[in-house]
Amino acid sequence: MVGLVTPALHEPVRWLLRNMIKVWYRLLDIWRRRKALQNLPVGLGMFMSGLGSCGTPEAVSRRIIDNGITWVAILGPWQYRGKPAVTWNSSSKIPAYIKAIKATGCQVFVWGWPVAGKEFTFVRHLMTYAKAWGAVGVIADAEKPYNRASTRAALLMDTLTTSCRQRGLLCGFTSYGPIWNHPRFPWSAFKSADFAIPQIYDSKNKLPEDYPTRAMAAWEELSSSWPIYPAFATYGKTPKQIQSLIERTPCPGQTRIGWQWRTTKDSEWKAIKESTS
């Protein structure tokens with residue numbers, strides 16, 4: 001009949017193929033996600049900035065074994081307002097450190113400091129480091145640059161989580177320990193992270209005894225869906241103060257991380273070992 005068009009026979013086939021491809025990609029995303037979540041850290045971790053200041057690759061390896069360290073977060077990009085980012089740990093000596101660290105069975109994460117307005121560059125740098133080091137995840141240390149920048153914070157996390165999902169990486173978030181002291185920070189924008197690291201440092205050793213408990217409770221209230229791994233400080237503390245902070249901080253699953261490797265003295269390493277073994 002005039003005006004009637006009979007659909008070509010290949011149209012149903014195209015429709016079927018398009019939907020099969022969509023289903024395949026969806027299943028791939030689910031598989032990547034499940035595989036990534038199997039890499040959530042367990043045990044003692046340490047933040048690392050300049051690897052060269054942490055000793056030789058062999059010394060780093062020995063320390064990991066001696067202290068029972070199971071994961072490290074190594075600094076990659078550090079952004080600034082008004083000038084280019086500094087890309088840490090990019091020398092030709094770094095692969096030897098990564099090889100030595102991974103040979104112990106220790107997991108490698110990449111952490112970085114983002115600045116509002118440079119989200120795409122930050123994520124691109126993080127992904128480059130993660131690929132080069134064979135990292136299992138990345139961590140965004142979002143702090144003062146994101147005060148009163150909720151839209152930018154949401155963009156950061158949307159870009160970061162999307163990139164991580166596509167690559168099968170974990171996405172972590174770390175920031176201030178006492179949430180109540182930072183009302184201008186857009187906390188809710190970061191709930192999409194796979195895990196959280198509250199910085200419970202008590203850097204001046206003057207906060208109340210229950211400060212670590214209150215800080216952990218505030219982070220748990222922020223989101224009940226993510227694992228929380230408290231970060232303790234080694235700088236500006238005696239070995240006894242380090243032990244006290246660790247022992248007073250609730251730590252579900254006994255997974256925590258220290259700040260930071262290069263400033264930790266032998267006596268402080270001993271205190272950490274005694275408190276976490």
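Modeller: Let's start with a word we'll need: a crossing of two helices is right-handed if the near helix is turned clockwise from the far one by less than a right angle, and left-handed if it is turned anticlockwise. Helices (H or I, at least four residues) and strands (E, at least two) are DSSP runs, numbered from the N terminus. What you have there is a predicted model, where local features need pLDDT of at least 70 and side-chain atom pairs pLDDT 80 or more, while totals for chains, interfaces and linings use all residues. Residues are counted from 1 along each chain as its sequence is written, and side-chain values rest on heavy atoms, leaving out hydrogens and water.

For bearings, the protein has eight helices and nine strands. Of its 277 residues, 49% are buried, meaning under 20% relative accessible area, with exposed being over 50% and partly exposed in between (1.4 Å probe, protein chains only). Take contacts (heavy atoms within 4.5 Å) between residues at least 6 apart in sequence: 80% of them join residues at least 24 apart.

Begin with H7, which runs over residues 239-248 and has Ile-242, Gln-243, Leu-245 and Ile-246 buried. Those residues sit on the same side of H7, because they span an arc of only 165 degrees around its axis; the arc is that of the directions from the helix axis to the C-beta atoms.

Now H8. Its buried residues are Glu-268, Trp-269, Ala-271, Ile-272 and Ser-275. They fall within an arc of 160 degrees, so they line one face of H8. Turned away from that buried side are the exposed residues Asp-266, Lys-270 and Glu-274. Among the elements covering the buried residues of H8 are strand E1 (44-48), strand E2 (69-78), H2, E8 and our other helix, H7.

How do the two helices meet? Their axes come within 9 Å and cross at roughly 30 degrees. Axes here are lines fitted to C-alpha atoms, for helices over the stretch in contact, with angles running from 0 to 180 degrees between N-to-C directions. H7 and H8 are therefore roughly parallel; that label goes to angles under 35 degrees, with over 145 being roughly antiparallel, 65 to 115 roughly perpendicular and the rest oblique. H7 passes H8 in a right-handed crossing. On the H7 side, Pro-239, Ile-242, Gln-243, Ile-246 and Glu-247 make the contact, and they meet Ser-267, Glu-268, Ala-271, Ile-272, Glu-274, Ser-275 and Thr-276 of H8.

Between E9 and H8 there is a loop, and Gln-260 is found in it. The peptide bond leading from Trp-259 into Gln-260 is cis, with omega near -15 degrees. For context, most peptide bonds are trans, and most residues other than glycine have a negative phi.

Lys-204 lies in the loop between strand E7 (195-199) and H6 and is exposed, with a relative accessible area of 65%. Two other residues of that loop have a positive phi without being glycine. One is Asp-202, again between E7 and H6, with phi near 50 degrees; at 8% relative accessibility it counts as buried. The other is Asn-205 in that loop, where phi is about 55 degrees, and 28% relative accessibility makes Asn-205 partly exposed.
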